[in-house]
Amino acid sequence: MSENVSRRNFLKTAGVATGVAIAAGSAPFSFAQNEKVRVGCVGTGGQGSFHIRNGLTGTPDIDIVAVCDVYRPHQKLGAQLAQLSNAGITLAPGQTGLTGAQKEKVMAATKPNTYYDYREMLEKEQLDAIIIASPYKTHYEITMAGLDAGLYVFCEKTMAHEIEYARKVVMKCHETGKFVQVGHQRRYNPVYNKALMMAWEEGALGRINHIDAQWHRNNDWRRPWNKNHKLNSQEKKYIKDLGHHMNWRIFKDTSDGLMTELATHQLDIAAWLLDTMPSRVIGFQGLDYWRDGRTIADNVNLIYEFEVTPESRAFQPIKARNAFQDKQAINSPYGVRMMYSSITANAKKGCTELIEGDKGTFELTELGSSFFEEPTAKVNWGGASDDAEKAASVITSGGTRELSNEAQNTGEAITVDNDTPVDTLQFMRFARDVKTNGTPKANQVVGLRAVIMGLTGRDALEKNTEIKIDPAWYTFDFDVPSPSMVS
């Protein structure tokens, strides 16, 4: 892999360092350059508070003017974190109080209003955008309400709990001229963007012919809650059972489980890299380990099948590697299958995406990614020359072709010059695109495609049958944002 060539292509397509810097005056702002985007945060539990603390606090162009949560402790925490965020303060590890200078900043910062009902917030607040991190099956109604109010929307994945609802979001964006950015944060990860361009422009992987991805954990996925908390009159309007409310991810009436909470992240990466959608999916699931009252599966295994055509930027023509290959057939459209699993009782394999080609492999993770050269890539298996026979015999006897054991086992790290957390990067881009009425990389069409892949997987698992994916589900009679952006 050529480091200087890869860096050049990455910077050309994704922007220097973070890919979110804007040259002064380079785009017509609907805001003054120093004016902040006024947002309301809906859902300030685990994920919502994470976004405030780890993403929005590092985004100076955003001011959180309101927070909304139906559970008072989360609402209170969200308001406290939001005021710190508005002051630009991140507490140091172990810090329990504020310094004098920090207190002054907090006092001068916007103190957000608090709400139980997002509709009241939309009615009373002067907002530019909302950030949604509420339970999955509420995403659609809140997103549509935000768009109807003329606001831009950041919505955690998965964008909607039915394919038709996700299509309606795309149509509403077209109607209002606003956008939805979905929380597929890997789209904003500079390393993932660099890997994408290495595959598309450098051909580092050669022809991608297989994908293995998994999200493996070893825990019950339950969250603790204060069993002594007495619901107030407002909370009682929305919460019937606090334990169920806090653990909504493991019940079918509020969640589609592993497919929509985890799998859509990695399905999105596969569709992004292959620059196409899958055509069908099959799979198996079970509730085999926890059996603790949950109603969603604790393990899933699926196969998605993609067809890569010359219209895809991932399409890679190949030369015949033996005398028996049909030189015309090998460069017609070809299939790529993705094996996906998510389990909850063993974490050895963790969370990775292995993108496998005939020249190399990407091992992509949010904690670090590597490129592995394929040792057999240049071996002419079907050749008749002495050199070809010698090269093939080295591989079949357990040797390697000019690759050390270290190179095979550790690969070459994919790196970029960037110290900004990815959660901050996605909100920096969100603020920029709100100000310029731009197009998010993780836009509403990306969200729709993830919904389609996640829910067809769900259906294949529940019905124990193959589900075919209809291109009409992601086709419209008007222009829509590209689902394959890298800049």
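Guide: One term to begin with: buried means under 20% relative accessible area, exposed over 50%, and partly exposed in between, using a 1.4 Å probe and protein chains only. The model is predicted, so local features need pLDDT of at least 70, side-chain atom pairs count only at pLDDT 80 or more, and totals for chains, interfaces and linings use all residues. Residues are numbered from 1 along each chain as its sequence is written, and side-chain values use heavy atoms, with hydrogens and water left out.

Visitor: Okay. What is the relative accessible area of Asn437?
Guide: Asn437 has 43%, so this residue counts as partly exposed. Its phi is positive, about 50°, although Asn437 is not a glycine.

Visitor: Where is Asn437 found?
Guide: In the loop between α14 (422-436) and α15 (444-463). Helices here are DSSP runs of H or I with at least four residues, strands are runs of E with at least two, and both are numbered from the N terminus.

Visitor: And what is phi for Asp275?
Guide: Near 55°, a positive value in a residue that is not glycine. Asp275 sits in the loop between α11 (258-274) and β8 (278-286).

Visitor: Is Asp275 buried or exposed?
Guide: Buried, because its relative accessibility is 17%.

Visitor: New topic. Which peptide bond is cis?
Guide: The one from Lys157 to Thr158 is, with omega near -5°. Most peptide bonds are trans. Thr158 is in the loop between β5 (152-155) and α7 (163-176).

Visitor: How do α8 and α11 pack?
Guide: Helix α8 (residues 190-202) meets α11 at an angle of about 35°, with the axes 10 Å apart. Axes are lines fitted to C-alpha atoms, for helices over the stretch in contact, and angles run from 0 to 180 degrees between N-to-C directions.

Visitor: Which residues meet there?
Guide: From α8, Tyr192, Asn193, Leu196, Ala199 and Trp200; from α11, Ile269, Trp272 and Leu273. Contact means heavy atoms within 4.5 Å.

Visitor: Last stop: where is Asp470?
Guide: In the segment after β15 (467-468). Asp470 is partly exposed, at 35% relative accessible area.

Visitor: What does the side chain of Asp470 reach?
Guide: The backbone nitrogen of Ala472, at 2.9 Å. Asp470 and Ile452 are 18 residues apart in sequence, and their C-alpha atoms are 9.4 Å apart in space.

Conventions: Polar contact = N/O pair within 3.5 Å; in protein donor to acceptor, adjacent residues only side chain to side chain.
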